[in-house]
Amino acid sequence: MNRNLLAAAFAVLALGTAAATVSALVPTPAMAQTSAQKAMIDAAKAEGVVGEQADGFLGFRTPSSDSGLRDAVTTTNSARRAAYAQSAAGAGTTADVAGVRMFETLIQARIPAGQWYRNASGTWVQK
């Protein structure tokens, strides 16, 4: 997972959100996003190819034939999936609900102006 989400985890404490969500955001080394993958995703977000989604995962706004980018998105989403599952177990809910809550409480607010995200109705919106 990237440093932005880890920083967001600490922000969760300040916001008073459940501690289970915070502990779930610390990825295992095998699933951690590399700095090169983060840079690739950040560039793709700036170009409008990749965006955040209301389910808490990254998605492709436009198709990409870049296998490195696809792998980076897959790695990040896998780490998020594991974090959401762990958070859900601690909070007595589902991983799907944990992902949506993460998007609503942290991810969406951190999307820079000009970048794209997919809202809950499935429409890509530029912030």
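## Overall layout

Read along the sequence, the chain runs α-α-α-β-β-α-α-β-β, with five helices and four strands in total. Helices (H or I, at least four residues) and strands (E, at least two) are DSSP runs, numbered from the N terminus. Residues are numbered from 1 along each chain as its sequence is written, and side-chain values use heavy atoms, with hydrogens and water left out. The model is predicted: local features need pLDDT of at least 70, side-chain atom pairs count only at pLDDT 80 or more, and totals for chains, interfaces and linings use all residues.

Of the 127 residues of the chain, 38% count as buried; buried means under 20% relative accessible area, exposed over 50%, and partly exposed in between (1.4 Å probe, protein chains only). Among contacts in the chain with a separation of 6 or more, 53% come from residues 24 or more positions apart. A contact means heavy atoms within 4.5 Å.

## Confidence

The predictor's confidence in each residue is given as pLDDT, from 0 to 100. The chain averages a pLDDT of 83, and 76% of the residues score at least 70. Over residues 1-30 pLDDT stays under 50, and the model has 41 contacts beyond four places in sequence for this stretch.

## The sheet

Four strands form an open sheet in the order S2-S1-S3-S4, with mixed pairing. S2 and strand S4 (124-126) are at the edges with a single partner strand each, so one side of each has no neighbour in the sheet. On average, neighbouring strands of this sheet are turned by 40° against each other, direction ignored. Angles run from 0 to 180 degrees between N-to-C directions, and axes are lines fitted to C-alpha atoms, for helices over the stretch in contact. Strands of a sheet pair through backbone hydrogen bonds, either parallel or antiparallel. Here two strands count as paired if DSSP finds at least two bridges between them.

S1 and S2 pair in the antiparallel sense over three bridges, and glycine 51 stands opposite glycine 59 in S2. These two strands form a hairpin with four residues between them, and glycine 56 in the turn has a positive phi of about 95°. S1 and S3 run parallel and are joined by two bridges; glutamate 52 stands opposite tyrosine 117 in S3. S3 and S4 are antiparallel, again over three bridges, and arginine 118 has tryptophan 124 in S4 as its bridge partner. Helix H4 packs on the sheet, where H4 touches S1 and S2, and the direction of H4 makes about 150° with that of S2.

## Aromatic pairs and a charge over a ring

Rings of Phe, Tyr and Trp (its six-membered ring) pair if their centres lie within 6.5 Å; planes under 30 degrees apart count as stacked, over 60 as edge-to-face and the rest as tilted. The count by this rule is two aromatic pairs. Phenylalanine 57 and tyrosine 84 make an edge-to-face pair, at 5.3 Å centre to centre with 70° between the planes. Phenylalanine 57 lies in the loop between strand S1 (50-53) and strand S2 (58-60), and tyrosine 84 in helix H4 (residues 67-91), so this pair ties together parts that are 27 residues apart in sequence. Phenylalanine 57 and tyrosine 84 are both buried.

The ring centres of phenylalanine 103 and tyrosine 117 are 6.1 Å apart and their planes are at 45°, so the pair is tilted. Because phenylalanine 103 lies in helix H5 (residues 95-107) and tyrosine 117 in strand S3 (residues 116-118), the pair ties together parts 14 residues apart in sequence. Both phenylalanine 103 and tyrosine 117 are buried. Separately, arginine 61 lies over the face of tryptophan 116, at 3.9 Å from the ring centre; a charge sits over a ring if NZ of Lys or CZ of Arg is within 6 Å of the ring centre and within 35 degrees of the ring normal.

## Two residues in detail

Phenylalanine 60 lies in strand S2 and is partly exposed, with a relative accessible area of 27%. Leaving aside neighbours within four places in sequence, phenylalanine 60 is in contact with residues including Val49, Leu69, Val73 and Trp124. The C-alpha atoms of phenylalanine 60 and valine 49 are separated by 5.8 Å, and the two are 11 residues apart along the chain.

Glutamine 37 lies in helix H3 (residues 35-47). Glutamine 37 counts as buried because its relative accessibility is 16%. Not counting residues up to four places away in sequence, glutamine 37 touches Ala32, Asp71, Ala72 and Thr75.
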